[in-house]
Amino acid sequence: MRKIVPGAYIGTTFSCSETIPFSDKEEDIQAAFRADILLNRLFIEPALGYGYPREDFKFLEKLELHNKAWKFTGRMQFDFDFIGLQNYFPIVIKYNPLIPVINASEVKASKRNVPRTAMGWEVNAASFYRIIKKFSSYHTIKDIIISENGASFKDRLVDGVVNDVERIDYFSQYLSELLQAKREGMNIKGYFVWTLTDNFEWAEGYHPRFGLVHVDFKTQLRTVKNSGYWFRDFLKR
């Protein structure tokens with residue numbers, strides 16, 4: 001790409017979640033540390049040229065002994081122009097000796113009495129800020145683009161209007177944290193809402209609605225939600 005498209009702006013994107021210990025117990029802290037390696041660091045660090053975080057998770061050293069392909073990780077390194085982050089929610093982790101290798105399991109948002117979306121994902125804008133800060137600490141990353149962020153709620157179309165106040169509140173919180181990160185010098189170059197229109201959401205099908213535009217899947221009628229109008233006015237300001 002570098003050779004055939006001069007001036008191309010080349011990057012890749014990673015799905016990431018802040019891992020938070022369930023308690024201040026050392027076993028929960030270490031469980032969250034291991035989860036962070038597998039959920040976040042295991043992908044970004046080889047791409048940036050740091051290799052796999054073997055020293056922090058001894059199990060990876062054992063894998064290396066049995067997988068000769070790992071010695072070619074140098075080929076994964078690339079001088080990316082930007083790194084994209086797909087972030088929606090944090091994951092709270094507790095120690096669980098019954099789970100092999102990682103000895104950790106997630107404590108769902110529904111068990112913790114926290115604000116959450118229709119998908120059961122925790123709404124936590126402060127965590128959004130912290131995950132951006134975490135990736136910004138990799139000094140070889142030039143630019144960061146938030147390639148996915150958004151929320152599903154139980155939208156209702158009433159008399160041609162979708163008054164999705166929860167989604168507006170969500171974006172108000174998350175964009176405020178994004179602005180704070182930018183003001184602190186984190187090199188954020190873009191933000192993409194997931195998503196423009198209601199869509200097919202993987203194994204969940206058409207039930208979850210993430211869009212700024214409501215879609216009637218029987219008639220294909222599109223209706224801009226109040227969050228869509230809010231985002232339009234936000235961008236104008």
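The model is a predicted one, where local features need pLDDT of at least 70 and side-chain atom pairs count only at pLDDT 80 or more, while totals for chains, interfaces and linings use all residues. Numbering starts from 1 along each chain as its sequence is written, and side-chain values rest on heavy atoms, with hydrogens and water left out. Of the 237 residues, 46% are buried, that is, under 20% relative accessible area with a 1.4 Å probe, protein chains only.

As for overall layout, the C-alpha trace spans about 65 × 50 × 40 Å along its principal axes. Five helices and nine strands are present (DSSP runs, H or I of at least four residues for helices and E of at least two for strands, numbered from the N terminus). Their order along the sequence is β-β-α-α-β-β-β-α-β-α-β-β-β-α. Among contacts (heavy atoms within 4.5 Å) with a separation of 6 or more, 62% join residues 24 or more positions apart.

Now to one helix pair. Helix α4 (residues 165–183) and helix α5 (residues 226–236) have axes that come within 9 Å and cross at roughly 35°; the axes are lines fitted to C-alpha atoms over the stretch in contact, with angles running from 0 to 180 degrees between N-to-C directions. On the α4 side, Arg167, Ile168, Phe171, Ser172 and Leu175 take part, meeting Asn226, Ser227, Trp230, Phe231 and Phe234 of α5. The residues of this contact comprise six nonpolar, three polar and one charged (Ala, Val, Leu, Ile, Met, Phe, Trp, Tyr, Cys and Pro count as nonpolar, Asp, Glu, Lys and Arg as charged, and the others, Gly among them, as polar).

Key: Buried < 20%, exposed > 50% of the residue type's maximum accessible area, 1.4 Å probe, protein only.
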